[in-house]
Amino acid sequence: MVLDNLGSSLKSAIQKLANAGKIDKEIIDDVVKDIQRALIQADVNVKLVMKLSNRIKERALTEAPPAGMDSREHVLRIVYTELVNIIGKATPIALEPQTIMMVGLQGSGKTTTTAKLARFFSRKGLKPAVICADTYRPGAYDQLSQLCEKLGVMFYGERDNKDAVAIVRNGLKETQKYDVRIVDTAGRHALETELIKEMKDIWGLTNFTHRFLVLDAAIGQQASEQAKAFNDAVGITGVVITKLDGTAKGGGALSAVSDTNTSIAFIGVGETPDDLERFDPDGFISRLLGMGDLKALVEKANEVLSQKDVNVEKMMTGKFTLNDMYSQLEAINKMGPLKQIMSMLPLGGLGNIPDDAYRMTQDKMQGYRIIMDSMTEDEKDDPKLIGSSRIARIAMGSGRAPEDVRELLKYHKMMQKAMKGMKGGGQSNKNLKKIMKQMNIK
Ligand SMILES: Nc1nc2c(ncn2[C@@H]2O[C@H](COP(=O)(O)OP(=O)(O)OP(=O)(O)O)[C@@H](O)[C@H]2O)c(=O)[nH]1
């Protein structure tokens, strides 16, 4: 599993959220502290951890949950989206001719990744060629030429030449007919002026589409320093984090990405040429948290949020018209498939939106609509105006029984109460459940 330790500590922090009786400042503070601890233990740098946890706290305490989502799900969604935000979007990779320069320290997995990348592009139907400019490590030439031979990829290298810049110059000439040309440069055990100068010289030879920094997931806090130095020299366009299949902490590499304002292009998840994955921030965080379906949850919530007619903020203030109620019911019903997603999450406490809320029949909704159509705008805005004579008039106008009108009004009153409770957190579900029970809504 990717970043096992970080994953399990984050999972237990979130579990706490799921098990909490009530979502309030205390529990949010507690969960945020656990998240901080988990990230720091995983080598994520403190500045980044503080930035992330402050964002989570601020949003969790000030933003109202969207319609159809309770405070628990809302806070979980904030944690998830902020984690995704912090690692940013994946580096875009165009499937078209390009030149790529690989940089990184010795042992980071640069040579293996070069071969993996060649394999990636050839599977996409592009013709790759690899140029070996690692004149520093004695085995590099043989390692890369053998890997390329196995993969049937064009390899260019000059075994006895120590001038890396000249090799790349020649190599670029020789490989002009190939679509994707990947230059594997030399690494060193540490950042050295000589190495940085060599990188700059190679960089100056052509207009490289990408300059990929290869970072071992096990690298700690020194990742940022490396990333900054390479970034200053050649302008990193993307990071490849290797060895994420191990038990590495990974946080150092993640911090380096954030520190240098770059993004992750690929992740290495094994030693074979096929063990390279395009980086997917959502998928990555979902896996980290052990919740494969969180992405769907967030998408669903965004869909509901984008409904113009659900004015959550207004509802939270207690101004809750009949039209608001109708929209709210529609939103909850739209969330139907979400219910299934919730049940798949390893967080029992999250799936507590009452089933009834998802099952209000189309007939029932239709009936409410018809009754509401016989009301004036003033009545819909302020249902308190509706006394018994108005009930009789509305029933007559809509062809429904007066009891149906009363049921709608009673339902509205209770929903309104639940809406106010929503702001407070956990109570909302209980209110909603009570309403559903009392109204016997199937
Ligand atoms: N498990 C695992 N091992 C990897 C991964 N990527 C690379 N390795 C291994 O890491 C070791 C070092 O990788 P190399 O590609 O030789 O390292 P390098 O960065 O090119 O080293 P220099 O050429 O000296 O700069 C090798 O044993 C690789 O098989 C990965 O994603 N997962």
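How many bridges join strand 6 (residues 238–242) to strand 7 (residues 264–268)? Select both strands: three bridges join them, and they run parallel. Strands here are DSSP runs (E, at least two residues), and helices are runs of H or I with at least four, numbered from the N terminus. Now pick Val240; its bridge partner in strand 7 is Phe266.

A word on what you have open: this is a predicted model, in which local features need pLDDT of at least 70, side-chain atom pairs count only at pLDDT 80 or more, and totals for chains, interfaces and linings use all residues. Residues are numbered from 1 along each chain as its sequence is written.

Eight strands form an open sheet in the order 3-2-4-1-5-6-7-8, with mixed pairing (two strands pair if DSSP finds at least two bridges between them). At its edges, look for strand 3 (154–156) and strand 8 (276–278), each pairing on one side only.

Now move to the ligand. Around it are 21 residues, the closest being Gly109, Thr111, Thr112, Gly187 and Gly268; a residue counts as near if its C-beta atom, placed from the backbone, lies within 6 Å. Select helix 5 (residues 110–123) too: with three residues, this helix gives the most to the shell.

Finish with helix 8 (residues 193–203) and helix 9 (residues 222–234), whose axes come within 9 Å and cross at roughly 35 degrees. Axes are lines fitted to C-alpha atoms over the stretch in contact, and angles run from 0 to 180 degrees between N-to-C directions. Contact here means C-beta atoms, placed from the backbone, within 7 Å. Highlight Ile196, Met199, Lys200 and Trp203 of helix 8 with Ala229, Phe230, Ala233 and Val234 of helix 9, which make the contact.

Notes. Contact = placed C-beta atoms within 7 Å.
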